[in-house]
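Reader: I have a structure here that I have not seen before. Can you walk me through it?

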Amino acid sequence: MPVEGTPGASAQSWVPLLIGTALPARPYVAGAGIVEVLATAGYAPGASRVALSRLCAEGSLERRRDGRHTSYRLSRQMAETVASVGARVERFGHAGDWNGSWTIVLASVPDELRSARRRLSAALAFLGFGRLREGTWIAARTCEDEVTELVARLELSALVDVFVGRPAGVAGVDTLLRRCWDLDSLTRRYQDFVDRFADLRPQPARAALPPPDVLRWWLRVIHDYRELVHRDPELPPRSLPPAARALRAEVVQTYAVVHGGLRAPARAQVRAALGINAVRASVGVG
C-alpha cells in the first residue's frame, strides 16, 4: 500500500528522533547516512543538510569532522528531550484511575514577557492543560510537580501559581470539559488515526511492504501518533464521551500493533544507513 506523502514534519524535526530512537546511546553517526535515510522518507538532500546545520547551531547536535567526512550525535540535553517525549508517548492511554483532583495554573505574565508566555502556553497544552479563561489553565489530573519544574525552567515562578483541587459541584465537571476542550474534534482525530492505519494491522500486510515503505510507514505512524498525543489532553476515560473512550483504546492498540510490527526492520534500515551495527547501537559511543 502506498504511503501518503512524506511523514508530515520538517527534516529538522526528524533528525533527533531518528538518531535518538534508533541509536539511544548517543554514538556519532555519518551525516551522509542521515541524509540517505531522510531521502528515503522523501526529503531533499539539500533540506536535510540545512537541517543538520541548524540543529548544530542551536546546540541540539554535536558535530565531528574527519577529513571530508562529518558525523553527528545528539547533545545530552536533546537526548534527554527525545527520551522524555518518548516516555510520554509510551504512557499515553495507560493512566491509572483518576481521583477527581484537578491541577489549576494561574498565570499573570505581562506583555513584555510575551515570548515566555507563549512557551508556557504551548508547554501547558502539551501537558494536557486546557485554558479555562485568560491566564487560567486546568488539567484533569494531579501534575503539580511537572508544572512547577516547567515554570522554574521558564523563570516564571514569581508570576505563576499552581494549585490542586476539585470543582464545586459534581455537575460542573462536564461543563468544564466542554469549555476547555473540543471533545467532538478529539473523537474525530481518534477515528482518523484508526482509519489511516487499519490496513496495516494485519501482519501479512506489513510483511508485504518493500523496505522503503517499511521505513516511510514507520515514520508516518510515529509522527501521526506523536502529533495526536501532543494535542490530546489525556482526559480520564470516564470523563470522555463513550465513542471517544472506545476509540482512544483502539488508537493505542493500533499504534502498538503497527509501530511494533514495523520497528525492528525500520530501525535496521536506519542503523545500516548510519553505519552502526546492532552491537554498537546497544553499547553506544561516548
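**Sheets, helices and rings**

Author: Val29 stands opposite Tyr72 in E3. Keep in mind that this is a predicted model.

Reader: Which strands does that sheet have, and in what order?

Author: It is an open sheet of three strands in the order E1-E3-E2, with antiparallel pairing. Strand E1 (29-30) and E2 are the edge strands, and each pairs on one side only.

Reader: How many bridges join E1 to E3?

Author: Two bridges join E1 to E3.

Reader: And E2 to E3?

Author: Strand E2 (residues 61-66) and strand E3 (residues 69-74) run antiparallel and are joined by six bridges. Asp66 has His69 in E3 as its bridge partner. The hairpin of E2 and E3 has two residues between the strands, and Gly67 there takes a positive phi near 65 degrees.

Reader: What packs on this sheet?

Author: Helix H3 (residues 45-57) does, touching E2 and E3. The direction of H3 makes about 115 degrees with that of E2.

Reader: Which residues are buried in helix H2?

Author: In H2 (residues 31-40), the buried residues are Gly31, Gly33, Ile34, Val35, Val37 and Leu38. Just after H2, Gly42 takes a positive phi of about 105 degrees.

Reader: Let me step back. How many helices and strands are there in the protein?

Author: There are 12 helices and seven strands. The protein has 286 residues, and 45% of them count as buried.

Reader: What about its accessible surface?

Author: That comes to about 14500 Å², with 52% belonging to carbon and sulfur atoms.

Reader: And the contacts between residues at least 6 apart in sequence, what share of them join residues at least 24 apart?

Author: The share is 76%.

Reader: Back to strands. What is the order in the open sheet of four strands?

Author: The order is E5-E6-E4-E7, again with antiparallel pairing. E5 and strand E7 (160-165) are the edge strands, each pairing on one side only. Direction ignored, neighbouring strands of this sheet are turned by 30 degrees against each other on average.

Reader: How do E5 and E6 pair?

Author: Strand E5 (residues 130-133) pairs with strand E6 (residues 136-139) in the antiparallel sense, over three bridges. Arg133 has Thr136 in E6 as its bridge partner. Two residues lie between the strands of this hairpin, and Gly135 takes a positive phi near 80 degrees.

Reader: And E4, how many bridges join it to E6?

Author: Four bridges join E4 to E6, and the two run antiparallel. Leu106 stands opposite Thr136 in E6.

Reader: Which strands does helix H5 touch there?

Author: Helix H5 (residues 114-126) packs on the sheet and touches E4, E6 and E7. The direction of H5 makes about 20 degrees with that of E6.

Reader: Where does helix H6 lie?

Author: Helix H6 (residues 144-153) lies across E4 and E7. H6 runs at about 180 degrees to E7.

Reader: New topic, aromatics. How many pairs are there in the whole structure?

Author: A search finds five aromatic pairs. In one of them, the ring centres of Phe92 and Tyr225 are 5.9 Å apart and the planes are at 85 degrees, so this pair is edge-to-face.

Reader: Where in the chain are Phe92 and Tyr225?

Author: Phe92 is in the loop between helix H4 (76-91) and strand E4 (102-107), and Tyr225 is in helix H10 (residues 211-231). They are 133 residues apart, and the pair links distant parts of the chain.

Reader: Are they buried or exposed?

Author: Both Phe92 and Tyr225 are buried. Tyr225 also pairs with Tyr255, and that pair is stacked, with 3.7 Å centre to centre and 5 degrees between the planes.

Reader: Which residues form the aromatic cluster?

Author: Phe92, Phe193, Phe197, Trp217, Tyr225 and Tyr255 form one cluster.

Reader: Last one. What sits over the ring of Tyr28?

Author: The charged end of Arg64 does, 4.1 Å from the ring centre.

Notes
Residues are numbered from 1 along each chain as its sequence is written. This is a predicted model: local features need pLDDT of at least 70, side-chain atom pairs count only at pLDDT 80 or more; totals for chains, interfaces and linings use all residues. Side-chain values use heavy atoms; hydrogens and water are left out. Two strands pair if DSSP finds at least two bridges between them. Buried means under 20% relative accessible area, exposed over 50%, partly exposed in between (1.4 Å probe, protein chains only). Contact means heavy atoms within 4.5 Å. Accessible areas come from the Shrake-Rupley method with a 1.4 Å probe; for residues, only the protein chains shown count as cover. Rings of Phe, Tyr and Trp (its six-membered ring) pair if their centres lie within 6.5 Å; planes under 30 degrees apart count as stacked, over 60 as edge-to-face and the rest as tilted. A charge sits over a ring if NZ of Lys or CZ of Arg is within 6 Å of the ring centre and within 35 degrees of the ring normal. Axes are lines fitted to C-alpha atoms, for helices over the stretch in contact, and angles run from 0 to 180 degrees between N-to-C directions.
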